[in-house]
Amino acid sequence: MSNINIKLLHDVDVGEHIHDMKISPGGKFAAVCHGNTTVSIIDISTGLVLDTICFDGQPVALSFSEDGVYLYVVLKSDSIVEVFTGRWTKGRRVKWASDDWGAKVVAGEDCRHVYAATAGRFDKIDFENGEVVNSLPIQTLDNAFVLLNNKTAYISDSESLVALDLKSWKVSTVLESVFLAYATVVTVDPARLHVYAGRNENGYGVSAVDLNTNEIVVRIAEIYHIKDMALNSTGSLAFVLDGGPKSMLVYDVVSEVEKVFEIPVGQAEQVAITSNDKYICIRDIYHFKVFELL
């Protein structure tokens, strides 16, 4: 059993509706897109806004490159813009039409390809050539996917968790299960090769499948209304936002699944943890909050 404590350090009122939040790979700052045109860069340790970037469209999704050099910004129904983080200046732009209600974007390891999902499809985008090079139609896709080692995308569809080989663009089924289908949240523990899927319906909760055996090895059934989840760096703790009790629930998932901490977080929509496990960042509709993990 893990003994932990969590305390609030900063509460930043952005003043506009927040659409997405991402933490830089080094855990120094967070990017928050909000309102109709703005991305704010916030220092995680101090809670201060370091910079603001304005666009000619509405930013709805964000992703940092793995080396932290670039921030990719999805503009609603229009394009994806590359931002150089050294000076927070805008660079290349690729046309890409997201659905009106949302999108998810993840940068590949090669700083050339970006993977983006919106309602009904999953795309591979070549930023050097400025074009979509592969597209996979999935009618039930709810932006729930995760990359593993820049080789495979794990995606939840209407029946199962599927694996998409990013080179051959071939799809295979990992496991058919009602607990893995229709997921709204997918994340991965790369050390244990466990892929977690959270289904936003009472009774389904969070499940993890072991990619070595293709069997479900973790079940957290008591989650009422999952909003998001994150794992610490070792994969031993799962931080789950539950919209039912409006709390963040922390589970030890290494041996027997056990809830070890709970803290009220209101209408929280996203959670992320810095790579050193020191800070937990949460955002609701208008606020960006930083907690310290003790």
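**Terms and their grounds**

Biologist: Why is Ser 177 called buried?

Modeller: Ser 177 has a relative accessibility of 12%. Buried means under 20% relative accessible area, exposed over 50%, and partly exposed in between, with a 1.4 Å probe and protein chains only; therefore Ser 177 counts as buried. The model is predicted: local features need pLDDT of at least 70, side-chain atom pairs count only at pLDDT 80 or more, and totals for chains, interfaces and linings use all residues. Residues are numbered from 1 along each chain as its sequence is written, and side-chain values use heavy atoms, with hydrogens and water left out.

Biologist: Which residues is Ser 177 in contact with, leaving aside its neighbours within four places in sequence?

Modeller: They are Glu 159, Ser 160 and Ile 216, where contact means heavy atoms within 4.5 Å.

Biologist: What makes Gly 205 buried rather than exposed?

Modeller: The relative accessible area of Gly 205 is 0%, so Gly 205 is buried. Beyond its neighbours within four places in sequence, its contacts include Ala 197, Arg 219 and Ile 223. Lys 90, 115 residues away in sequence, lies 39 Å from Gly 205, C-alpha to C-alpha.

Biologist: How do you know that β14 and β15 pair?

Modeller: Two strands pair if DSSP finds at least two bridges between them. Strands (E, at least two residues) are DSSP runs, numbered from the N terminus. β14 (residues 145-148) and β15 (residues 152-156) have 4 bridges, in the antiparallel sense. Leu 147 stands opposite Ala 153 in β15, and 3 residues separate the two strands of this hairpin.
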